[in-house]
Amino acid sequence: MHQVNNFINGEFVEAESGRRFDKRSPVDNSVIASVAEAGRADVDRAVAAAKAALTGEWGQLTVDQRVDLLHGVADEITRRFDDFVAAEMADTGQPHHVMTHAFIPRGAANFKVFADIIKNVPTESYQMATPDGRGALNYGLRVPKGVIGVISPWNAPFLLMTWKVGPALACGNTVVVKPSEETPLTTTLLGEVMNSVGIPEGVFNVVHGFGPDSAGEFLTQNRSVDAITFTGETRTGTAIMKAAAEGCRDVSFEMGGKNAGIVFADADFDAAVDGIFRSAFLNTGQVCLGTEKVYVERPLFERFVSALKQKAEAVKYGRPENHGANYGPLISREHQDKVLSYYRKAVEEGATVVTGGGIPEMPAELAEGNWVQPTIWTGLPETASVIREEIFGPCCHICPFDSEQEVIGNANANDYGLSTTIWTNDLARAHRMAAAIDVGITWINSWFLRDLRTAFGGAKQSGIGREGGVHSLEFYTEMRNVCVKL
Ligand code: NAD
C-alpha cells in the first residue's frame, strides 16, 4: 500500500505522533494509501521551516530567478504528467479525460501564469507637488506577505491547491499546504517536483490531516502563519476566520455556491443543453461553480427537460482508467450519504423525479463505491431545501420562468453568490442579466471557461476577496508605498 508522508523542510517525514489514517478509493472503498496525520508539533515544524526559508536562499533570489524556478516546476509537472493523472484519478475516482484535459494541465498552468504575471506587472508611481516646489516621488514596492497557510478541498484537488501555491510562490512567499484528507496524493507528489527542480527546502511544505483538532486547525492557529487562503465550505471558512482573528491575519476565501443556470427560449438549444449538462454533472456534480438550480423560459421547458434527461441517462459509469467511462463516483461514503439524503428530501418535499434519485446498479467489483445517479427534479417551490442549500452532487432542479425580473429574483434568492451561466442570443439581455445577478462570475453561453488573468471569487457567503491575475497579488503581497522627497 502507498505510504504517504508529510513534506517538511524538503523531506518526506512520518508524523511525530506516529498517527496515520487510511485513504480509500471512491470507486470501491478499498484502502489505497496510509497517510501520516500531522500533529501540532509537525505543523509547527513545517511553519518554522517556512518562516526560516523566507530569509534563506529563496528570499535572496531575484524575480527572474524565482520565475525560472517556477517555470521549472510547471515543466516538471508536465514531464510527470502520467504520475499526476494516476494519483489524481486514484484520489478522486474521476474520469481520465477530466484529469488530462482540465485538472492536471491547469495545475502546471497555475505556476507558469503567475510567474509571468509577477515578472510583468508594474507597480504604481505618483509624483506630487510640495510647498518648496521640489516635489516628491511615491512608488509602490511589492513584498511577500510571509508564510501562507493553504487549506484546500477535495473536489479538484491539484487544480485548486496550485491555484493558491502558484501565485503565493511567484510573489516570494513560502507555504504550508494542508490538502483535504480525502485527496492527499497529488499535493505530496508536488513535494517531489519541488525537490527535483531545486526549490529551496522549507519553501513548500505539506501537512496531512483533518480539520478540527487536527492539521487544519493547528495550521490556522499557528501565529507565524501570516495569511490563510482557503477553499472549501462556508461553514469551515467561518471557523478559519475565527482562528485568523487571533493576530488579525489576512484571509482569502473561496467557498460554497448554489448557482443558477438560466436558459432563454432564444438560446442555441443544443449548446444550452450541453452547457447545463456539464455544469450540473461534470465531476459528478462536485464543482463549486456547478449548477444545481436551472431556470428555463417556459416555451422551451418541456423540450429542455427531456433533452437533459436523455443526456443524464446516457452517462457511462466506470473506473477512471476505463477510457469509455465519463462519470465517476462521489468522493466518499459520507458525501454519498449527504447527497442521498437530499435525494430523499426532494421527494419528501414533493418533487417530480425526472430521472435518477438513487444508487445505480453497479458490477460486483464496483458495488462498494460511492456511486449515485445523475438526478433531475421539477415541480418544487423556491423554498425547497434542494433549491436553497448546496448539495454538491450530480443533481439539479429545473423550473420554468416567464420574465427576466422573475428569474433574476430567483437566481439571487440565496445566501451564496458564486457563479451563474446564462444562455441567450440576445446580447443586450445577456449584459443586463450579468449586471443584475449578484455573483462573482457570470458566464454567457459558456460555463467553466477560465482565463487565469481574470478576477475569481464569490459574492455574499461564497467568498472573501478575489484571486486570479493581478488580484492574486493583492492578497499574496504587501504593498508598501515609498515616498521620496526630491
Ligand atoms: P471543507 O470545508 O469540508 O474542507 C476544506 C478543507 O478545510 C479541507 O482540507 C479540510 O480538512 C479543512 N478544514 C475543515 N475544517 C477545518 C477547520 N476547522 N480548520 C482548518 N481547516 C479545516 O470542504 P470540502 O468538503 O473539502 O469541499 C467542498 C466545498 O468546497 C463545497 O462547499 C464547495 O462549494 C467548496 N468549493 C469552493 C470553491 C470556490 O472556488 N469557491 C472551489 C471548490 C470547492
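1. The shell around the ligand comprises 12 nonpolar, 14 polar and 6 charged residues; here Ala, Val, Leu, Ile, Met, Phe, Trp, Tyr, Cys and Pro count as nonpolar, Asp, Glu, Lys and Arg as charged, and the others, Gly among them, as polar. The model is predicted: local features need pLDDT of at least 70, side-chain atom pairs count only at pLDDT 80 or more, and totals for chains, interfaces and linings use all residues. Residues are numbered from 1 along each chain as its sequence is written.

2. Of the 32 residues around the ligand, those that come nearest are P153, G211, G216, G232 and T236, a residue being near if its C-beta atom, placed from the backbone, lies within 6 Å of the molecule. Two or more residues of this shell are given by each of α8 (215-221) and α9 (234-245). Helices (H or I, at least four residues) and strands (E, at least two) are DSSP runs, numbered from the N terminus.

3. An unreviewed UniProt entry carries the annotation "domain: Aldehyde dehydrogenase" for residues 12-482; such annotations may be inferred rather than shown by experiment. Over residues 12-482 the chain is 41% helix and 21% strand, with 41 Å between the end C-alpha atoms.

4. Helices α5 (residues 96-120) and α6 (residues 157-170) have axes 8 Å apart and pack at an angle of about 15°. Axes are lines fitted to C-alpha atoms, for helices over the stretch in contact, and angles run from 0 to 180 degrees between N-to-C directions. The two helices, α5 and α6, are therefore roughly parallel, the class for angles under 35 degrees, with over 145 roughly antiparallel, 65 to 115 roughly perpendicular and the rest oblique. The crossing of α5 and α6 is right-handed, meaning that the near helix is turned clockwise from the far one by less than a right angle.

5. Among the α5 residues that meet α6 are F103, F111 and F114, and the α6 side includes F158, W163 and P167; residues are in contact if their C-beta atoms, placed from the backbone, lie within 7 Å. By class, this contact has 12 nonpolar, 4 polar and 1 charged residues.

6. The axes of α3 (residues 63-79) and α7 (residues 185-197) come within 9 Å and cross at roughly 125°; α3 and α7 are therefore oblique to each other. Their crossing is right-handed. L69, G72, V73, E76 and I77 of α3 make the contact with V193, M194, S196 and V197 of α7, giving 6 nonpolar, 2 polar and 1 charged residues.

Definitions and conventions
Two residues are in contact if their C-beta atoms, placed from the backbone, lie within 7 Å.
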